[in-house]
Amino acid sequence: MFEKEGPGWRLAKDSSRGTFSVLIGGDDWAIELTNQEWEALFFLITELVDQYKAEQNRLMDEEEITLELERSQWWACLQGNKRQCSLKLILKGDGEQKRGAEMYWPIPNAESLTAAMRMMWDYSQ
């Protein structure tokens, strides 16, 4: 079992919970994800954070950046500047078989959440 939380976010993985083994949340909300949804989200976030890190050194102090990616059932948007960023996620439902959700973590919560996602992935491997 993996559990981690910080200001404005929570993250947990418990394989014994069956279908919805991953929990991701904010201050007053949470959603449980399937392992497939978690894996797709992890790879999307990894790619998005890598893009952000590659652009950080090119940004001037007053410049802002918006990066968006869409993979599988996920859409992600990272917005920020040279020093910090926020993160918005949408899990797209189809209205009948899949649920949908929108999630948001403001500056500076998004950075510690994405770091914890990497820790959880490494712990699970």
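Cys-85 is buried in this predicted model, with a relative accessible area of 5%. Its sulfur has the sulfur of Cys-77 as the closest one from a cysteine, but at 10 Å that is too far for a bond.

**Cysteines**
- The structure has zero disulfides, and Cys-77 accordingly takes part in none.
- Seen from Cys-77, the nearest cysteine sulfur belongs to Cys-85, 10 Å away.
- A disulfide needs two cysteine sulfur atoms within 2.5 Å, so the 10 Å between Cys-85 and Cys-77 rules out a bond.
- Cys-77 also counts as buried, because its relative accessibility is 7% and the cut-off for buried is under 20%.

**Fold**
- Two helices and eight strands make up the elements of the protein chain.
- Read from the N terminus, their order is β-β-β-β-α-β-β-β-β-α.
- Among contacts between residues at least 6 apart in sequence, 41% link residues at least 24 apart.

**Size and packing**
- Along the principal axes, the C-alpha atoms fill a box of roughly 45 × 30 × 30 Å.
- Of the 125 residues in the protein chain, 43% are buried.

**Surface and charge**
- The protein chain has an accessible surface of about 7200 Å², and carbon and sulfur atoms account for 45% of it.
- There are 14 positive and 22 negative side chains in the protein chain, and the centres of these two sets are 3 Å apart.

Technical notes
Residues numbered from 1 in each chain as written. Predicted model: local features only at pLDDT ≥ 70, side-chain atom pairs only at ≥ 80, totals over all residues. Heavy atoms only, no water. Buried < 20%, exposed > 50% of the residue type's maximum accessible area, 1.4 Å probe, protein only. Helix = DSSP H or I, 4+ residues; strand = E, 2+ residues; numbered from the N terminus. Contact = heavy atoms within 4.5 Å. Areas by Shrake-Rupley, 256 points an atom, 1.4 Å probe, with all protein chains shown as cover. Lys, Arg positive; Asp, Glu negative; His and termini not counted. Charge placed at Lys NZ, Arg CZ, Asp CG, Glu CD.
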